[in-house]
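Walk me through this structure.

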Amino acid sequence: MWNQRYSDSEFVYGTEPNDFLKSAYLHIPKGGQVLCVAEGEGRNAVFLAKQGYVVTAVDQSSVGLGKAQQLAGEHGVEISTVVTDLANYNLGTEKWDGIVSISAHMPPELRKKVHGQVVKALTKGGVFILEAYTERHIELDGVGGPPPSKNELFMSLNALKSELQGLDFVVGTEVERHISEGKLHQGESAVVQVIAKK
Ligand SMILES: C[S@@+](CC[C@H](N)C(=O)[O-])C[C@H]1O[C@@H](n2cnc3c(N)ncnc32)[C@H](O)[C@@H]1O
């Protein structure tokens, strides 16, 4: 499904970074190693590389990460890309100064597993940044997020606090905001935002 969604030359979430990441990335130690999970076409990874971070982007879509490499080339930066299902990816131990998760909606069991690994994989002082749609989004007009029929894919602050035990929440909030990111993230949207530090 994702390879098909990314098969046009157009970047479906745009080429600019996610707004929340743009406001939050300075919490990540300068010049550090950053992992972007479920990074799709690479807009966030390329932005972070341009800010001087050493970035690895992981996604199951080879087409998405191919476009991420194309975008990196256009911006004159290098990123590493790993095509894999996160179910099969080991985030490692005390390896990343930053981990970024933007609209990385996964089935709850996998999400819990990945978030458990996030806690382990951050260096001391490392920072996790997440924005994802909450179930409240179903009631709003905005385009984006999981379909209502898959409401288990939405995230909530309560669930994230439980899944990310071991991190200190610098920011943890559920908000409504206007999103304009390519054709597939548009309009009034309900999201959860997290900045959490190890
Ligand atoms: C809504 S897109 C967000 C892409 C990117 N984070 C961004 O903000 O532009 C969700 C991405 O999650 C990826 N994804 C979903 N489940 C995954 C999994 N189990 N393993 C790896 N990638 C996954 C999809 O391939 C897709 O690229």
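**A salt bridge, a sheet and its spaces**

Lys198 forms a salt bridge with Glu94, and their closest N and O atoms are 3.7 Å apart. A salt bridge here is a side-chain nitrogen of Lys or Arg within 4 Å of a carboxyl oxygen of Asp or Glu. Lys198 sits in the segment after S7 and Glu94 in the loop between S3 and S4, so the pair ties together parts that are 104 residues apart in sequence. The structure holds 11 salt bridges.

The model is predicted: local features need pLDDT of at least 70, side-chain atom pairs count only at pLDDT 80 or more, and totals for chains, interfaces and linings use all residues. Residues are numbered from 1 along each chain as its sequence is written, and side-chain values use heavy atoms, leaving out hydrogens and water.

Now the sheet. Seven strands form an open sheet in the order S3-S2-S1-S4-S5-S7-S6, with mixed pairing. Strand S3 (80–83) and strand S6 (168–181) stand at the edges, each with a single partner strand, so one side of each has no neighbour in the sheet. From one strand to the next, the twist averages 15°. Helices (H or I, at least four residues) and strands (E, at least two) are DSSP runs, numbered from the N terminus. Two strands pair if DSSP finds at least two bridges between them.

Strands S1 (residues 33–37) and S4 (residues 96–102) run parallel, joined by four bridges. Val34 stands opposite Gly98 in S4. Helix H3 (residues 43–50) packs on the sheet, touching S1, S2 (54–59), S4, S6 and S7 (185–197). Contact means heavy atoms within 4.5 Å. The direction of H3 makes about 175° with that of S2. Axes are lines fitted to C-alpha atoms, for helices over the stretch in contact, and angles run from 0 to 180 degrees between N-to-C directions. Helix H5 (residues 108–121) lies across S4 and S5 (122–133), running at about 150° to S5.

On a 1 Å grid over the protein atoms alone, a pocket is an open set of points with protein on both sides within 12 Å along at least five of seven lines; lining residues have an atom within 4 Å of a point. The pocket is lined by 35 residues, with Trp2, Gln60, Ser103, Ala104 and His105 nearest its centre. Helix H1 (2–5) and H3 are the elements that give two or more residues to this lining.

Terms used
1 Å grid on protein atoms, 1.4 Å probe; cavity = no way out; pocket = protein on both sides within 12 Å on 5 of 7 lines; lining within 4 Å.
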